[in-house]
Every structure is written in structure tokens, then in C-alpha cells.
Amino acid sequence: MHKYLPNTDAEIKLMLDEIGASNIGELFSPIPEKVRFSGELNIPKGMTEQELDKHMEKLSKMNISMEDMICFRGAGAYDHYIPVVVNALASRSEFYTAYTPYQAEISQGVLQAIFEFQTMVCELTGMEASNASMYDGSSSTAEACTIALVNAKKRNKILVSRGLHPETRQVIETYMSGRDVDIQEVPLHEGETDYEKLAEMCDESTAAVCIQSPNFLGIVEDMDKVSGITEQNKAAFIVNTDLISLGILKPPGDSGADFVVGEAQGLGNPMAFGGPHLGFFAASGKYIRKMPGRIAGETTDDKGKRGYVLTLQAREQHIRREKATSNICSNHALNALAATIYMSVVGKEGIRELALRCANNARYASEKLIETGRFSLLYNKPFFKEFLVEAKEDTGKLNRRLLEQGYLGGYETKEVYPEMGNGWLVAVTEKRTKQEIDNFAAKAGEIV
Amino acid sequence: MADASLRYSKDHEWVKVEGDVAIIGITNYAQVQLGDIVYVELPELSAELDKDEVACAVESVKTAADVLTPVSGTVAAINEDLEDQPELINEDPYEAWIMQIEMSDPTEVESLMNEAEYASYCEEEE
Amino acid sequence: MSKLIFEMSRKGRRAFELPESGIPERAALELFPKEYLREKPARLPEVGELDVIRHFTELSRNNFGVDSGFYPLGSCTMKYNPKINEKVASYKGFAHLHPYQPDETIQGALKLMSDLGKMLSEVTGMDRMCLQPSAGAQGEMAGLMVIKAYHEKRGDIERTEIICPDSAHGTNPASAAVAGFDIRQVKSNKRGMVDVNELRELAGPRTAGLMLTNPNTLGLFEEDIVEIAKIIHDAGGLLYYDGANANAILGKARPGDMGFDVVHLNLHKTFTTPHGGGGPGAGPIGVKEFLYPFVPKPVIAENDGMFSLDYNRPDSIGKVKAFFGNFLILVRAYAYIRTMGGEGLRKVSENAVLNANYVLSKLKDTYDVPFGDRCMHEFVASGEKQKEMGASTLAIAKRLLDYGYHPPTIYFPLIVKEALMVEPTETESRETLDEFIDALIRIDKEIQEDPETVSHAPHSTALGRLDEVKAARTPVLKYNFGEEDQ
């Protein structure tokens with residue numbers, strides 16, 4: 001008997017009698033002999049809890065965590081502080097051992113939390129509606145592009161800014177590889193989308209224009225310029241953004257965005273070696289019924305009491321099947337719950353303070369690095385919590401040196417943006433103290 | 001109540017011909033299958049459609065169904081009442097028309113089923 | 001009725017704090033042009049810490065998880081989520097890793113992923129795993145794109161069709177459509193299995209592949225699988241395995257041995273990673289060696305005991321998500337497999353199948369079970385008889401809520417009228433099963449004696465039946481703040 005397998009041998013016998021089978025093997029007789037697996041799987045013998053814990057601890061210690069280093073790297077995953085309350089609440093088993101809330105009467109907890117999440121996303125992004133979450137920012141962006149494409153009959157061009165995270169751009173390509181679409185990259189000019197080039201490229205065959213702001217280089221883009229172009233050409237305007245930046249930055253909804261998507265890992269979820277993260281998806285009124293994935297809606301019960309249900313399910317894969325625009329089934333509910341709790345803790349004043357702190361920390365760090373004389377800011381543009389400098393020292397060497405000193409240095413951009421030379425993308429969140437930044441800059445600026 | 005002169009498609013649409021215009025809706029059988037209708041995605045005015053092309057969609061809580069046009073032509077009118085009151089289709093599916101098509105080939109109607117044929121078609125579907 | 005957190009807000013209340021900085025703070029206007037700034041604040045809640053705690057604690061109490069009670073949701077495999085897995089996934093050496101750390105600082109993570117891949121290959125009988133997809137549906141999409149890429153690489157561009165059984169889960173045709181395929185449907189025969197004759201006619205030079213769940217969504221093992229594989233392979237197509245029902249066959253049969261070329265697993269079903277109220281999960285795919293070049297990148301390479309991420313994959317379909325996969329979910333699945341071991345996994349399936357057959361045998365005299373007296377890890381009953389007496393499957397499901405159960409899956413698969421899909425899983429005891437069986441039998445009696453008790457259920461939940469029509473007709477998807485503050 002195993003701790004997860006309650007049936008004792010005696011009970012197994014009783015159950016077999018009830019079924020009318022002489023042994024368990026009989027229950028597997030439908031499996032043709034030719035494909036039956038005999039013997040045991042070649043997997044090491046099971047461990048007890050004590051042994052497993054030790055084993056996993058050892059394995060985890062073969063990694064160096066960002067709790068033991070000072071993190072100045074972003075590039076899509078951010079070291080934001082997670083208030084203790086987030087895990088205390090999200091780890092309640094009624095939340096995490098629950099299934100998707102299809103039986104609304106016993107899932108009001110999850111459904112209401114989703115409704116609150118949707119509301120908060122709409123508040124920050126300035127959009128009409130949000131869904132219950134997507135897997136991550138990159139797939140969320142890809143799905144927005146797909147919906148824009150499918151809805152713009154007779155248009156098959158999508159313009160994607162080079163300012164988008166390189167992996168997001170790759171995911172868009174993969175997601176749309178099964179469709180008849182022409183994905184074109186809009187180049188950058190001085191660190192942001194080349195708006196003039198965009199105006200040239202955007203025409204009546206363009207289904208959507210997709211930009212990221214703050215972009216991969218940390219620079220805040222001019223959304224009004226882009227929306228001017230998309231409106232003129234009746235193309236959908238998709239913005240990939242950072243919800244924390246929207247604590248002080250203008251909501252893309254106010255600039256006429258049709259879809260606002262992005263990565264919300266920084267809100268209450270750890271970096272987790274890349275997953276699970278949290279995609280969000282918000283849309284303007286025109287596209288409410290086209291949003292992919294799960295959506296919670298408010299309604300009443302037969303006695304008029306307020307409650308919540310999953311709604312607009314007719315678009316989803318389990319009903320539309322091959323006619324569905326998206327195949328998404330699961331979402332990242334638990335991560336969205338963590339983000340909801342996080343946003344409740346941070347609150348109306350806090351999100352502004354947090355955003356301002358990140359922006360100030362980043363600005364300060366850039367100045368300290370430039371002061372050393374070994375770094376120069378590549379583009380003189382307003383940035384949020386990340387910035388791109390060109391380093392005098394080869395960034396590979398620089399990072400190796402800093403690693404030994406206990407720092408995870410900036411992201412080396414040479415492979416993904418070869419046109420930006422020896423670029424070093426440094427991220428600074430509210431977790432970084434003045435001391436850490438001063439020491440980091442000093443070490444980075446050393447001549448070796 | 002269904003008008004005896006109506007014609008029917010295999011996809012449970014009804015057609016009423018008035019001159020060169022085909023008035024189209026979905027049948028009682030269809031609305032019963034769908035359940036409470038929550039949303040009708042109307043076609044675009046002046047859209048040109050071929051016979052059996054997907055013209056628009058009707059959504060209920062539990063399902064979404066494409067409405068195919070039983071005849072080719074141009075969308076001359078759409079029933080905007082359905083935007084705010086999609087339930088009209090449940091209440092009287094033969095009154096609550098969805099779209100009117102100016103037919104490009106009026107003979108197409110002849111290949112549709114008549115009342116009796118449609119009735120036995122529905123029985124077979126059961 | 002629970003208040004929304006926005007309804008609890010009071011101006012000036014806060015739960016947030018930031019340490020003092022020492023860095024002179026510039027105003028937003030000094031950092032950004034005015035046109036880039038927000039004019040009005042986002043109306044996030046203004047609450048204290050205790051408010052947050054009480055609010056979400058209350059929400060959790062309005063929710064039902066596996067830890068709360070029996071959850072026989074067919075095809076979801078709602079088995080126990082081991083707490084040790086939660087503990088180890090929270091170790092800082094797993095949770096606080098940046099995805100772009102240098103290889104030498106993440107050897108533990110890469111080793112875990114590599115070992116997990118090997119163990120999952122062993123379980124499935126495949127050659128290689130790719131752990132990137134975040135969910136089963138994403139795994140399906142990736143797997144189908146791999147199939148597409150394979151055919152295209154061979155210059156065979158005629159293969160535009162994927163065949164799915166009529167009993168398939170909705171994600172199957174949806175994923176195939178997203179991957180750019182046309183879908184052909186093969187019907188199930190009287191025994192509830194793929195109609196092999198019809199399949200023979202459907203398979204041909206336009207067949208890219210067949211997607212199959214085995215056991216299928218009726219809980220029946222596709223007994224003709226060897227012939228099915230031959231038909232598809234002879235026609236030049238590939239076989240895709242939807243691993244949703246893998247809990248039935250661990251250590252008893254392997255899709256790789258059945259002839260499948262690509263598989264996906266649902267770690268949040270078979271491998272105990274928690275459902276989380278809808279996610280996150282993980283849907284890794286397994287392939288036979290000849291398809292490995294096409295899987296999403298990067299893959300994990302090993303050289304002299306050192307692990308690294310290999311992006312040099314010219315034939316790869318690309319990426320289905322940023323980074324490498326839902327790593328913390330992979331950690332949990334790894335921990336589970338190391339807990340059970342090979343023999344333990346076999347016992348998991350044996351008990352899962354035993355439990356399902358036990359429930360079936362005790363219910364079959366009360367509820368019709370259209371496809372026979374035996375099943376694998378789940379079975380589908382029909383509430384048609386009960387509907388004629390006055391209460392549909394939906395009503396039965398709602399009545400079960402009054403008895404303290406999460407209902408089984410209802411109205412799926414589509415080929416059974418008034419379907420009720422029951423999957424007990426192996427982590428449930430016989431008493432739990434007996435109590436559930438009693439409840440269902442009692443409900444049947446209620447339908448006979450007083451059908452309204454059932455047809456108007458639930459009666460004892462905090463909320464009655466919610467108006468889904470209203471929610472879909474006039475969607476209210478966010479809180480209405482009214483005129484306040486803006």
C-alpha cells in the first residue's frame with residue numbers, strides 16, 4: 001500500500017468480486033497483447049517523502065537563485081518583490097486544488113477572483129474587457145494578432161515592431177504558421193518603432209499593427225503616433241505592455257488600442273526559470289465576443305443574488321471545435337489569482353509609487369553607469385525600468401566578471417540586436433537599493 | 001407560425017421569397033436545438049455571398065452555429081432588432097428574420113425543400 | 001453574498017509599503033513627457049492587509065477543490081495533489097531562477113528537465129520529449145505543427161487533413177485548425193470505438209495524421225489500435241496521441257509501442273500537478289527520433305555531464321511560448337514520478353481502472369452505461385432514462401452539489417446523450433466511492449418520487465442556479481465603479 005493509494009489488498013479483492021473479475025489483469029484485457037507493456041518501467045524506485053525532500057533540495061542547490069545574487073537582468077522576466085500575503089493566500093488548497101469553475105455554484109471563489117482580476121486589468125489598461133488570463137505574454141500577443149487577422153476579412157498583413165521581445169516575435173510566427181498571412185517586421189529608429197516607416201508599410205491590406213511599450217529595450221513608445229496610422233488605415237492596434245508601468249504611464253486604451261496584451265509575471269509571481277508566467281488579454285468593446293479563453297461574467301441566481309459564471313463560452317474550443325479561432329483551454333488561473341492579490345496589496349496609491357520607484361531606480365542606475373565612463377546610453381529616449389547601454393568591455397566578459405561578484409548583469413543584446421553593437425540591457429526594479437546600484441555600477445565600471 | 005410557402009435548407013434555415021429578395025431566418029427546429037439565444041452576429045450590409053457560404057453566426061449559452069445562406073446574392077437588409085433582443089428568434093423564429101438577400105440567381109430557391117420535405121428531413125435527423 | 005474587493009475600498013487605506021530609497025526621487029513629469037503619462041489613477045483597491053487576507057480567505061471558502069471532497073470529473077483526473085510537491089517547487093533554487101541565467105548557474109534546473117524528459121519518454125515509449133508547451137492544447141498545437149513540418153520537409157505538401165474521432169475533445173479539432181489543417185471526422189462504431197472501415201476510406205494521400213485518445217473519451221481502450229496505426233502509416237500519415245487519459249495505462253501500455261509518432265501528456269492530470277482553478281498546467285510532447293529535429297527550441301543538450309540549451313535547431317517549428325516551459329509545474333511532476341517510481345506508477349493505473357470499474361458495476365443497474373460493463377479509468381453513463389422521468393443530467397449534476405460532491409463531467413463526449421462521465425482516480429478509497437454511488441442511486445430515486453427536488457437543484461448551496469443566459473446576452477465583465485473618483 002502506498003500513501004497515495006488507499007486500496008488495501010483485502011479491499012481490492014472485495015472490489016474485484018463486486019466487479020466480477022478474478023484479478024486486476026483481467027480489467028486490462030482490452031489491451032491487445034501485442035502492445036501490452038510487460039515488466040516494470042525503467043524508472044528509479046520510489047522515494048519516501050524524507051528522501052525526496054533531500055534529493056530535491058540538493059538538485060535546487062545545483063542552481064544559483066536570484067535570492068542569492070543581485071539581479072540586474074530583465075528581458076521579459078523581472079525580480080519584483082512578492083509580498084508575503086500573496087503566497088499565504090494563493091496557497092490555500094481550495095484555490096489551487098480546484099478545477100476550472102464550470103460548476104459555478106461551488107466555484108464562486110475562483111470566479112469572483114477572476115472578475116476582480118479582469119476589472120484590475122481593465123483599469124490599468126483603459127480597455128473595455130479582459131479575459132481570465134492566458135499562458136504568457138508571448139502567446140497572448142500571438143492570439144491577439146490571430147484574432148485581428150481573422151476579423152479583418154480580405155486583409156492578410158500583420159506589422160510587428162522590432163521593439164517586441166524577440167521570443168514574442170518568434171511565438172507570433174509559430175502561432176500563425178498555419179495561416180495565410182504576411183508578417184512583416186517594422187524596423188526601429190533610435191530605439192523605438194520607426195513611425196515613418198510604419199506609416200509607409202501600413203495600408204489597406206494591413207489587418208493589425210503590433211508594438212510593445214515599454215519595448216524590449218525599456219523605451220516608452222509613442223502610442224498616439226501609432227494609433228494615428230492604424231486609424232487611418234483601419235488596421236487593428238495591438239499593444240503589448242507592462243502592467244506595472246501603467247501605474248504612471250498612459251493606458252493604451254486611451255490611445256485607441258484595440259487589444260492590450262502582455263506579460264504580468266512581475267505582479268506577484270516569481271521568475272520561475274521562465275514559467276509558469278501570466279499572460280493578460282484585454283480588448284475594446286468591438287472585440288469583446290472575439291476574446292479567446294475563459295471569461296468571468298456577473299449575473300444573478302434564481303433568487304436575484306449576485307454571482308459569477310464563466311460566460312461567452314460559445315467561442316471556446318469545446319463548443320466551436322474546428323471553427324474556434326483559438327484552441328486555448330487552460331489558462332493560468334492560479335498565477336492570475338496571485339496577481340489579483342498582489343494588485344490588491346499594492347493598491348491605487350501603491351501602483352503609482354511602485355512604478356515611480358522602478359523608473360527612478362533605473363534612471364539612477366543608468367547615470368551611475370555612465371558616470372564610470374565605461375558605458376554610454378545608446379538611445380536618449382524615456383525608459384521605464386530597463387535601459388540599453390553600450391559597454392566598452394565585451395559584455396560576455398563583463399557579465400562573467402560580475403557573476404563572480406554576485407551579480408546577474410544586464411542582458412547581452414548582440415545576438416538578437418546585432419545592429420546595437422556591444423549592447424547591455426540593464427533592468428532595475430524596486431527591489432534594488434541605492435547601495436546595490438552603487439556597488440554594481442562601481443564593479444561594472446572597473447577597468448580590468 | 002411557418003408560412004406554407006416557405007422553403008428550407010438542410011442547415012435549418014427558412015427562406016421566404018418576395019420578388020428578387022430572399023428573406024432568411026432559422027427554423028423552429030434550429031432554435032430549439034440552440035436553446036436560449038444570447039447573441040446574433042449579423043452579416044455586413046452589401047456583403048456578397050455565395051450559396052451555402054457562412055453568412056453569420058447565432059450563439060446560445062451552450063453552442064454557436066453558423067448560418068449559411070441558402071441562396072447567392074447581396075445582403076440587402078439585416079434585422080437590427082436582433083442586436084438588442086436576440087431572444088426574438090426563440091420567441092418566433094419565423095417572424096424574426098435575420099437577413100434579406102437580393103438574389104443573383106432566383107432559381108436556386110427551387111433546389112430547397114418544401115414544407116413536407118423539411119418535416120420528414122427533421123424526423124430523420126432525430 | 002461576498003463583497004467585491006472594490007466594494008471594500010476606503011480612500012487612503014493601504015497595504016503597500018516601500019523601503020526608503022536614498023535615491024532622490026524625481027516626479028513622473030521629470031522622467032517622461034506629459035503626453036506619456038496617465039491622467040487619472042487606476043482604481044485598484046484601497047484596503048489594509050487584514051482586508052486582503054479576509055477577503056481572499058472568504059473567497060477560498062466559497063470554492064471546492066480536491067482537498068475539499070470527491071471530484072469525479074471525467075477526463076480531468078482530479079487526483080490528490082501531493083503537498084511535498086508544493087514544498088519543493090517553492091525552493092528558491094527553483095522558484096527564483098531567471099530564465100536567462102548562464103548555464104553554469106542552472107545545472108540543477110537543466111538536469112531536472114533532462115531527467116524528467118527521460119522518465120516521460122520511458123512512460124510513453126517515445127524517444128524524446130519537449131517540455132515547452134504550457135498546456136495540453138498547446139502541446140497538441142505544437143505536435144500537429146511538428147507533423148506538418150515533417151511532411152513539408154519531405155516535399156509532401158498535399159497532406160492537408162487531420163482525422164479526429166467524433167468523440168474527440170474540442171481542443172483536438174481546434175488545435176488542428178490553428179495548425180492550418182482541414183479536419184475530417186471518423187465516427188465511432190457501436191462499440192464506442194473508431195470505425196475502422198470508415199477510417200480506411202478516409203485515410204489517403206491527403207492525410208497528414210490521425211489524432212487519437214487511448215483509452216478514448218468513453219473510457220474504452222481502442223482495441224483495433226494496431227490496425228488503426230497500420231492504416232494511417234500505410235497511407236503515409238502519422239499518429240498523434242492525446243495523453244489526456246494516460247492515467248489508465250501507466251506501466252501497462254505505452255503509446256510509443258502502439259505506433260504513435262507524437263504524444264502529448266497533461267501533467268496537471270496524470271502527474272498530479274494542481275489544477276489551480278483552471279491552470280497553470282503543462283503539456284509536454286514526446287516524439288519518435290525522426291521527428292525530434294522539428295520540436296520547439298531550445299532543446300536540452302548534454303556534454304560530458306554539463307547541460308546546456310541548444311537553440312541551433314534549423315528545422316524546429318519555432319516556439320510556442322517564451323522561455324522553456326512551465327518549469328515549476330515540471331518540478332512538481334518530476335517530484336511525483338520520483339515519489340512513485342516505476343512500480344508505483346503501474347499501481348496508479350491499476351487502482352484507477354479498478355476504482356472506475358467498481359463504480360460502474362454498482363451504478364449500471366440504475367444508470368444506463370451505453371458501452372458495456374467494463375471500462376478503463378473512466379466510464380460514461382447516460383441520464384436519458386432519468387430525463388424521461390423528469391430530470392436531465394444537468395439537474396442530476398446540480399443535485400450532486402447538494403450532496404457535497406463536485407459533479408462528474410456532463411454532456412461530453414457528444415456522442416452519448418445526456419452524458420455523465422465519471423473518473424474516480426486511484427487516490428480515492430472504497431468508502432468514498434460507496435458514498436458517491438449511494439448518492440447517485442438516491443438521486444435516481446428522488447427523480448422517481450419527486451423529480452422537482454432534482455430538477456430545481458441545487459438547494460443547499462449559497463447560490464442557486466445562476467442565469468447563464470443573462471450573462472451571455474448582456475455581458476458584465478468588470479466592476480462598475482459608477483461616478484466615483486473619475
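A residue is called buried if its relative accessible area is under 20%, exposed if over 50%, and partly exposed in between, with a 1.4 Å probe and protein chains only. This is a predicted model, in which local features need pLDDT of at least 70 and side-chain atom pairs count only at pLDDT 80 or more, while totals for chains, interfaces and linings use all residues. Residues are numbered from 1 along each chain as its sequence is written, chains are lettered from A and ligands numbered from 1 in the order in which they are written, and side-chain values use heavy atoms, with hydrogens and water left out.

**First stop: chain A as a whole**

Select chain A, which has 14 helices and 17 strands. Helices (H or I, at least four residues) and strands (E, at least two) are DSSP runs, numbered from the N terminus. The C-alpha atoms of chain A fill a box of roughly 80 × 55 × 50 Å along the principal axes. Of its 448 residues, 69% count as buried. Among the contacts in chain A with a separation of 6 or more, 70% are between residues 24 or more positions apart; contact means heavy atoms within 4.5 Å.

**Second stop: aromatic pairs**

How many aromatic pairs does a search of the whole structure find? Over all chains, there are 33. Rings of Phe, Tyr and Trp (its six-membered ring) pair if their centres lie within 6.5 Å; planes under 30 degrees apart count as stacked, over 60 as edge-to-face and the rest as tilted.

Select A:Trp424 and A:Phe440. Their ring centres are 5.7 Å apart and their planes stand at 15°, so the pair is stacked. The pair links distant parts of the chain, as A:Trp424 belongs to strand β17 (residues 423–427) of chain A and A:Phe440 to helix α14 (residues 434–444) of chain A, 16 residues apart. A:Trp424 is buried, with a relative accessible area of 0%, and A:Phe440 is buried at 1%.

Proceed to C:Phe70 and C:Phe436. Here the ring centres are 5.1 Å apart and the planes are at 80°, so this pair is edge-to-face. C:Phe70 is in the loop between α2 (49–61) and α3 (83–89) of chain C, whereas C:Phe436 is in helix α14 (residues 430–449) of chain C, 366 residues apart. Both C:Phe70 and C:Phe436 are buried.

**Third stop: charges over rings**

A charge sits over a ring if NZ of Lys or CZ of Arg is within 6 Å of the ring centre and within 35 degrees of the ring normal. Select A:Phe383 to find A:Arg363 over its face, 4.6 Å from the ring centre. In chain C, C:Arg313 lies over the face of C:Tyr292, at 4.7 Å from the ring centre.

Select A:Phe216, A:Phe273, A:Tyr411, A:Tyr417, C:Phe94, C:Tyr100, C:Phe323, C:Phe324 and C:Phe327, which ring pairs link into a cluster. Within this group, C:Phe323 is in the loop between β9 (306–310) and α11 (327–363) of chain C. C:Phe323 counts as buried at 3% relative accessibility, and its phi is near 65°, a positive value in a residue other than glycine.

Next, select A:His165, in the loop between β3 (157–161) and α8 (166–175) of chain A. A:His165 counts as buried at 7% relative accessibility. Not counting residues up to four places away in sequence, A:His165 touches A:Ala75, A:Gly76, A:Gln212, A:Phe216, C:Tyr100 and C:Phe323.

Continue into α8(A), where eight of the 10 residues are buried, so this helix is largely enclosed by the rest of the structure. The cover of its buried residues includes α7 (137–151), β3, β4 (182–186) and β8 (236–240) of chain A together with α6 (136–153) and α7 (171–178) of chain C.

**Last stop: backbone features**

Most residues other than glycine have a negative phi, and most peptide bonds are trans. Select C:Thr425, which is not a glycine but has a positive phi of about 70°. C:Thr425 is buried, with a relative accessible area of 0%, and is found in the loop between β12 (419–422) and α14 of chain C.

Where is a cis peptide bond to be found? One joins A:Gly275 and A:Pro276, with omega about 5°; A:Pro276 is in the loop between β9 (259–263) and β10 (279–283) of chain A. Another cis peptide bond joins C:Ala457 and C:Pro458, with omega about 5°. C:Pro458 lies in the loop between α15 (451–455) and α16 (468–473) of chain C.
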